[in-house]
Amino acid sequence: MHILVCIKQVPDSAQIRVHPVTNTIMRQGVPAIVNPYDLVALEEALRLKDRTSARVTVLTMGPPQAESALRKALSFGADEAILLTDRAFAGADTLATSYALAAAIRKIRDDMPVDLVFTGKQTIDGDTAQVGPGIATRLGMQLLTYVSRIDRVDLERGEITVQRRAEGGVQVLRTRLPAVITVLEGINEMRFATMPDMFRAARYGLTVWDREAAGIGDVTKIGLKGSPTVVSRVFAPTPRAQKAEIIQTQSEQPDDLVATLLAKMFTKHPPLRAAICPRAVQRT
Amino acid sequence: MTQAPPSSKPAGRRKAELDPRFTSYKGVFVFIEHNAGAIHPVSFELLGEGRKLADKLGVELAGVVLAESDGAAEAFCAEAFFHGADLCYSATHPALAHYRNQPYTQTLTDIVNRHQPEILLLGATTMGRDLAGSVATTLQTGLTADCTGLAIDPDNRSLAATRPTFGGTLLCTILTLNYRPQMATVRPRVMGLPERDTSRHGRIIAEHPDLIEQDIVTKLLEFIPDERRDEANLAFADIIVAGGRGLKRPDNFRLVWDLADALGAEVGATRPVVQAGWVTADRQIGQSGKTVRPKLYIAAGISGAVQHRVGMEGADVIVAINPDPDAPIFDFATYGIVANAMQILPAMTAAFRQHTAAMKKAV
Ligand SMILES: Cc1cc2nc3c(=O)[nH]c(=O)nc-3n(C[C@H](O)[C@H](O)[C@H](O)COP(=O)(O)OP(=O)(O)OC[C@H]3O[C@@H](n4cnc5c(N)ncnc54)[C@H](O)[C@@H]3O)c2cc1C
């Protein structure tokens, strides 16, 4: 079995700050990490590899520095890694991104058929969750999003059975391979990299494809040109007009503070009085 | 290189003439999502918002209903009319009984190609995001995911879809200038619910999806309903008491539950608290959790990081308890108590219990 995992290098958004005056992102010094959701997908692929001796290839599209994301994936146990990088890919929205990735996957398939494509649920910088569906649609593969468990892979019959998070419950779905799976967060914990894998990852000769090497002829389908969406404005969330009214009392005793709060709140927001209806339910 | 890393695209505006093949695209369509016989509330929120967009553009608002039978579809169409739709496209087929990507994508794509809306909106649910991604790719059009604001750009009649990016640190407004339909998925609970007006009616246009079950590759073997429907409760709770890392120890979180019981409230939490296992993940509020719009939100031991804020700032009244007077939560809360939550929470529980006891006596 051959599993392809699509990963993305993203800025660690927990560390991103907005410049208070210019309202622009301050990227300096913000570390680049592997999109955490993609690591869940990678771990799930590696677990399948443990069970079935599958081959795991990681693919990323990004700037040359995205190489480090691939090496990270290799250190966890991925077998091969391919970097798709070309200035012509820059500025891609999800439609153009899935075009480039699908082209690369077709090319990978020529060498060795791909049974499963894994991606994370979404990225932490774009948060779109659209590249997985885009890839599946372009390659005519079955799509299973928000997968919380892989129940069974039956290579002989070419089938996979998974659990998929849906509204109000879990769908147990069976479909035909090849399929694209986007993996739900929090369903596993990434393993530790082993010393031999870390050494191998450091020395591994990455495959690097530019646009032509990936077999993409039509430049109007990739990068900014291939993106139907245009960002017209970027701005910081507007601060609320007013800061909190700080409740103060002479004593600063909890009971007094709370009594003052309630008096103010019920006077200024009368509907709250009626909204309160205590419950006797026992919670477990 | 997915949508909207701000530096990767010029923030300017590409001047554009709409391609002639798209000039016939008119109207606003809302995909009506339903599960277990009930319409997902986000579809009503979208009808409310879609109504405003349609009125601004001077076009009709249509609901798109995909269902297993005419009987089921009719009930959903009626609800769509009550919430603002002028007409509904109703596609029924046994293969549409439950959501699967392939038949839903095919049916919705066909409806769009036949009836050519300029705007197509879906809820940013697991269904909506799965479906929208496939439909947009099939149609080769732009899709803006997980939006929190929709408007019509006055310059070019385009849909201006605003969404958080970088985990909510920034917002960006995205246009789809040269392609139709302009598609967006919208996060649940961000838009208000429209009034339900049972005197409203509309036209139903029957669609005949060309589906054959044997051709549908993916089969549903089983549906396991969630045991606890906390999800719905939290999203629609009038009062929420939420706790953060400032509560320090899991047993202190008990104080949050106690206050919630006194108020008849739901319990929410920040991500670190969920990650530490103090409460289940379905209670996480924020960018990677739920969006809520309660009348009252009490935040105890929460710093007010932007990823939390985006999920709860729609609350009418926010009360924050935090000993750090510089905590960001005081920048947007309504009331602040600068003190230790472990002392304030029990005092609040007692005070609210007294309040309700007094209310009961008064009745
Ligand atoms: C991609 C991404 C997605 C994220 N998604 C979410 C999300 O969905 N939801 C979410 O909540 N977070 C999310 N986060 C995390 C977010 O950035 C913050 O780390 C988190 O919200 C902080 O939680 P907190 O307020 O509980 O903890 P802290 O930030 O540690 O704040 C604790 C607060 O408690 C106060 N405190 C200390 N002692 C007391 C006391 N005795 N009584 C009262 N207060 C006290 C402190 O002054 C402090 O302000 C996300 C982050 C990333 C990068």
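B:Ala36 counts as exposed, with a relative accessibility of 87%. The model is predicted, so local features need pLDDT of at least 70 and side-chain atom pairs count only at pLDDT 80 or more, whereas totals for chains, interfaces and linings use all residues. Residues are numbered from 1 along each chain as its sequence is written, chains are lettered from A and ligands numbered from 1 in the order in which they are written, and side-chain values use heavy atoms, with hydrogens and water left out.

B:Ala36 lies in the loop that connects strand E2 (34-35) with strand E3 (38-39) of chain B. Helices (H or I, at least four residues) and strands (E, at least two) are DSSP runs, numbered from the N terminus. Although B:Ala36 is not a glycine, its phi is positive, at about 50 degrees.

## Backbone features in other loops

In chain A, A:Ser53 also has a positive phi, near 50 degrees, and is a residue other than glycine. A:Ser53 is placed in the loop between helix H1 (36-52) and strand E6 (55-61) of chain A. With 64% relative accessibility, A:Ser53 counts as exposed.

Two cis peptide bonds are found in loops. One runs from A:Leu177 to A:Pro178, with omega near 0 degrees; A:Pro178 sits in the loop between strand E11 (169-176) and strand E12 (179-183) of chain A. The other runs from B:Arg180 to B:Pro181, with omega near -5 degrees; B:Pro181 sits in the loop between strand E10 (170-176) and strand E11 (182-186) of chain B.

## Buried residues and their contacts

A:Glu159 belongs to strand E10 (residues 159-166) of chain A and is buried, at a relative accessible area of 19%. Contact here means heavy atoms within 4.5 Å. Not counting residues up to four places away in sequence, A:Glu159 touches A:Arg152, A:Val153, A:Asp154, A:Arg174, A:Thr175, A:Arg176 and A:Leu177. A:Leu177 is also the residue from which the cis peptide bond to A:Pro178 runs.

A:Ser98, in helix H3 (residues 94-111) of chain A, is buried with a relative accessible area of 0%. Apart from neighbours within four places in sequence, A:Ser98 is in contact with A:Val131, A:Gly134, A:Ile135, A:Arg138 and, in chain B, B:Thr137.

B:Asn101 lies in helix H3 (residues 101-115) of chain B and is buried, at 15% relative accessible area. Its side chain and that of B:Asp130 are joined by a polar contact of 2.7 Å. A polar contact is a pair of N or O atoms within 3.5 Å; within protein, one must be able to donate a hydrogen and the other to accept it, and residues adjacent in sequence count only if both atoms are side-chain atoms. Leaving aside neighbours within four places in sequence, B:Asn101 is in contact with B:Asp130, B:Ser134 and A:Leu143.

## The ligand site

The ligand lies between chains A and B. It is surrounded by 29 residues, of which B:Arg245, B:Lys248, B:Thr270, B:Ser288 and B:Ser303 are the closest; a residue is included if one of its heavy atoms lies within 4 Å. By class, this shell has 15 polar, 10 nonpolar and 4 charged residues. Ala, Val, Leu, Ile, Met, Phe, Trp, Tyr, Cys and Pro count as nonpolar, Asp, Glu, Lys and Arg as charged, and the others, Gly among them, as polar.

Taken alone, the ligand exposes 980 Å², and the protein buries 85% of that; accessible areas come from the Shrake-Rupley method with a 1.4 Å probe, and for residues only the protein chains shown count as cover. Helix H7 (271-275), helix H8 (306-312) and helix H9 (341-362) of chain B are the elements that give two or more residues to the shell.

## Domain arrangement

Domain bounds come from an automatic or database domain assignment. For chain A, the assignment gives domain 1 (2-221) and domain 2 (254-283), and the centres of these two domains, taken over C-alpha atoms, are separated by 48 Å.

For chain B, the assignment gives domain 1 (23-215) and domain 2 (234-362). Their centres, taken over C-alpha atoms, are 34 Å apart. The contact between them takes 12 residues from domain 1 of chain B and 8 residues from domain 2 of chain B.

Terms used:
Buried means under 20% relative accessible area, exposed over 50%, partly exposed in between (1.4 Å probe, protein chains only).
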